[in-house]
Amino acid sequence: MSTAPPDQSGVDEPRFRDALRSLPGPVWIVSLGILVNRIGNFLPVFIVLYLTGRGYSAGAAGLVLGVSGLGNVLGNAVGGYLADTIGRRWTIVLSAVTTSGLVAGVPFLGSLPAIVAVVGLIGVTSQIYRPAAAAVLLDSVATNQQRLAAFAVFRFAMNIGAALGGVIGGVLASTSYVELFLGNAAACLLFGVVVAVLLRDAPQPRSDQDHADTQADAAVGYRQALADRTLVRFLLMTVIAEFVYIQSTVGLPLHVSDVGLSAGDFGLLIGLNGLLVLVLELPTTGAVSRYRPEYVLAIGNLLIGVGLALTGFTTGMVLLSATVLIWTLGEMMSSSVANAYLGSLAPPRMVARYQGLYGVAYTIGTGAGPLIGGAVYAIAPWALWPVVGAAGLLSAQLCLPRRHAASTVDEPLPARVPS
């Protein structure tokens, strides 16, 4: 399917539950670190309220968010490069420490240009760890089931952290934004300490051929990665799929308001999504682990597209809750599978670069989605939902394996590869 040979051990792999129990220490260390980091990840959630509370306009807050989003794209690319060159551990530590220092300074900045510059840098540094963390998981496991189990645990830690962080951040924001941002800085620093003290990079095998491969990777880098047609197809799928999914925070609240429901009702719908993910994502991942990842991703993306597209044809809370159930099921099916599947595509010394490009595609989709979705809704609210449905169908189609009689470059994985 790519330049990396597929894992052929699918028939001998343990069950998903057994793979969870056998996960090695680095998976739990990184998951613990991300739990701490997400609990204190307040700035992206509260920066708009902080700025408007200081008297800045909504346009100024939007500018800050836009610059931060561009920083996120760059941060993933930089993180992928650093993790493949200086190592996973020190890339994560660098990201955590620099982000901590920058976030601690935000409440003491006076001018808007200074805030834009610093928050833009935070957008870069706060994302550098992501490809490295994903690469740690992939370095630590050997089978497809373990890859899937590792990312399922990692996502569970992220979701728990985000849920707790929202509550804690709301309490801190109601008392002092200085405390809020200093708490964020402390969480970032603790993340770095956990990784620096507990984590060690996996040893890399060395030989003459390995040395030649390393030199080739260093010379080509992302250009070599982007020559992988399967990867490019996966990245395009990711951009479109994230455009669809982000409408849950753009089109959905706009529609809720238009049909006469309240902000509290929207909060209940999003709360339903969060509760389902926390309770059911691990069992759902285990249930789909026996099937080919391409088809799991395709069905997951299709459910997300269908569920969100149906939003435009519903008015009451009961039917809207049903649509949330549909697209949340798709989210639970596809999220962990996407990272694990991508791990099966990457050559050994380009694991982090592949994950970095995935982060770039992800942030492009989530950044462009609100702009495009909001613009379409402003012109014709009814038009957004057919666009979402069509995009969901396209993202599902891009997941399916391509067959070529004369080439194995895009050859699908064996029938029981559950990565």
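The lining of the second largest cavity is made up of five nonpolar residues, one polar residue and one charged residue. Keep in mind that this is a predicted model. The cavity itself holds about 30 Å³ of space, and a search of the whole structure turns up two cavities of 30 Å³ or more.

So who sits around the second largest cavity? Its lining consists of Ala-152, Phe-156, Asn-159, Val-277, Leu-278, Glu-281 and Leu-282. Two elements give two or more residues each to that lining: α8, covering 144–175, and α14, covering 263–288. Of these, α14 supplies the largest share, with four residues.

Now for how some of the helices pack. Two packed helices are described by the angle between their axes and the distance between the axes.

| Helix pair | Angle between axes | Axis distance |
|---|---|---|
| α5 and α9 | about 165° | 8 Å |
| α8 and α9 | about 140° | 6 Å |
| α4 and α7 | roughly 45° | within 6 Å |

Let's start with α5 (residues 88–105) and α9 (residues 177–198). Angles over 145 degrees count as roughly antiparallel, and at about 165° α5 and α9 are therefore roughly antiparallel to each other. The crossing of α5 past α9 is left-handed. On the α5 side, the residues in contact are Arg-89, Ile-92, Val-93, Ala-96, Val-97, Thr-99, Ser-100, Val-103 and Ala-104. Facing them from α9 are Phe-181, Leu-182, Asn-184, Ala-185, Cys-188, Leu-189, Phe-191, Gly-192, Val-195 and Ala-196. By class, this contact of α5 with α9 has 14 nonpolar, four polar and one charged residues.

Helix α9 also packs with α8, at an angle of about 140° and with the axes 6 Å apart. That angle makes α8 oblique to α9. Which residues in α8 and α9 meet? From α8 come Gly-169, Leu-172, Ala-173 and Thr-175, and they meet Tyr-177, Glu-179 and Leu-180 in α9. Sorted by class, the contact of α8 with α9 has four nonpolar residues, two polar ones and one charged one. Remember that α8 is also one of the elements lining the second largest cavity.

The last pair is α4 (residues 58–85) with α7 (residues 129–140), whose axes cross at roughly 45°. As a result of that angle, α4 is oblique to α7. In α4, Asn-76, Gly-79, Gly-80 and Ala-83 make the contact, meeting Arg-130, Pro-131 and Ala-132 in α7. The contact of α4 with α7 divides into three nonpolar, three polar and one charged residues.

Conventions:
Residues are numbered from 1 along each chain as its sequence is written. This is a predicted model: local features need pLDDT of at least 70, side-chain atom pairs count only at pLDDT 80 or more; totals for chains, interfaces and linings use all residues. Side-chain values use heavy atoms; hydrogens and water are left out. On a 1 Å grid over the protein atoms alone, a cavity is a set of points where a 1.4 Å probe fits but cannot get out, and a pocket is an open set with protein on both sides within 12 Å along at least five of seven lines; lining residues have an atom within 4 Å of a point. Grid points are joined across faces, edges and corners, and a volume is the space filled by probe spheres set on the points. Ala, Val, Leu, Ile, Met, Phe, Trp, Tyr, Cys and Pro count as nonpolar, Asp, Glu, Lys and Arg as charged, and the others, Gly among them, as polar. Axes are lines fitted to C-alpha atoms, for helices over the stretch in contact, and angles run from 0 to 180 degrees between N-to-C directions. Angles under 35 degrees count as roughly parallel, over 145 as roughly antiparallel, 65 to 115 as roughly perpendicular and the rest as oblique. A crossing is left-handed if the near helix is turned anticlockwise from the far one by less than a right angle, and right-handed if clockwise. Contact means heavy atoms within 4.5 Å.
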